[in-house]
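Thanks for coming. I will take a few places in this structure one after another, so please keep the sequence and the model in view.

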Amino acid sequence: MKALCVFLFAGSAALLQAPALAAQSVATTEAGIIVAHDGVIELFSRDGRAVNWRSEGVASPGAIAVSDTRVAVLDPLQNEVRLLDLRTGRGSTLKTGETPMAALFLRGDLYVLERDARAVARIRPDGSRKSISVGADPAFLRAANGTLYVYERNEGALQEINTTPFALGRRLLLTPAASDFEA
């Protein structure tokens, strides 16, 4: 597919053809390198030279979460997550809440931060789902010691989420508009 680019130079226009850029996401695993692009997800060997498997992907790949056995590729434009078995590449696509932006695996469950839905969803291996509401503009999802943490940029709030049971924990007000958060 070619894209048409128009450049203006001192009152005159120049037309150029350039290849269209496709969204691409990359993650590393013990099994190799996961690459999501152009509606496919591929597992490359650790040296990047061979494709171990290729699977159906998502239209607009975003963040990728990996565990020892599974891969999750988010599509924040279509509100989907593609879940795959890391060994075989087989999987399924599930709907998410609005704008899934971050995900992580913890104790076998997938947790997805849904920014515009203002929620964190827990998706079990059987596909069952439960969500917890969080504040405006949740930006970062992290885990430490079996507990989830979500940073809400608008208020500068750090929300603690317990995973057993799946419930809101403490909330701490910090400086708003952080650009990164590590646990």
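**Asp109 and its partner**

The side chains of Asp109 and Arg124 are joined by a polar contact of 3.0 Å. A polar contact here is a pair of N or O atoms within 3.5 Å; within protein, one must be able to donate a hydrogen and the other to accept it, and residues adjacent in sequence count only if both atoms are side-chain atoms.

Before going on, some ground rules. This is a predicted model, in which local features need pLDDT of at least 70 and side-chain atom pairs count only at pLDDT 80 or more, while totals for chains, interfaces and linings use all residues. Residues are numbered from 1 along each chain as its sequence is written, and side-chain values use heavy atoms, with hydrogens and water left out.

As for confidence, pLDDT is the predictor's confidence in each residue, from 0 to 100. The protein chain has a mean pLDDT of 89, and 87% of its residues reach 70 or more. Over residues 1-18, however, the pLDDT is below 50, and this stretch has 25 contacts in the model beyond near neighbours in sequence. Contact means heavy atoms within 4.5 Å. Where pLDDT is low, the predicted coordinates should not be read in detail.

Back to Asp109. It lies in strand S12, residues 109-114. Strands are DSSP runs of E, at least two residues, numbered from the N terminus. Is Asp109 buried or exposed? At 8% relative accessibility it counts as buried; the cut-offs are under 20% relative accessible area for buried, over 50% for exposed, and partly exposed in between, with a 1.4 Å probe and protein chains only. Leaving out residues up to four places away in sequence, Asp109 touches Arg70, Leu104, Arg122, Ile123, Arg124 and Pro125.

In the loop between strand S11 (100-106) and S12 we find Arg107. Arg107 is not a glycine, yet it has a positive phi of about 50°. With a relative accessible area of 60%, Arg107 is exposed. Ala177, in the segment after S18, also is not a glycine and has a positive phi, near 70°. Ala177 counts as exposed at 61% relative accessibility.

Next, a sheet. Four strands form an open sheet in the order S3-S4-S5-S6, with antiparallel pairing. Two strands pair if DSSP finds at least two bridges between them. At the edges are S3 (24-28) and S6 (51-56), each of which pairs on one side only. S5 and S6 run antiparallel and are joined by 5 bridges, and Val40 stands opposite Glu56 in S6.

Glu42 lies in S5, residues 40-44. Which residue's side chain is joined to that of Glu42 by a polar contact of 2.9 Å? The partner is His37. Glu42 is buried, with a relative accessible area of 6%. Among the residues Glu42 touches, not counting those up to four places away in sequence, are Ile33, Val51 and Trp53. Glu42 and Asn52 are 10 residues apart in sequence and 7.5 Å apart in space, C-alpha to C-alpha.

Two more places. S9 (residues 80-85) and S10 (residues 91-95) run antiparallel, joined by 5 bridges, and Leu84 has Gly91 as its bridge partner in S10. This hairpin has 5 residues between the strands, and in it Gly89 takes a positive phi near 85°.

Finally, the peptide bond from Thr164 to Pro165 is cis, with omega near -5°. Pro165 sits in the loop between S17 (157-163) and S18 (166-173).
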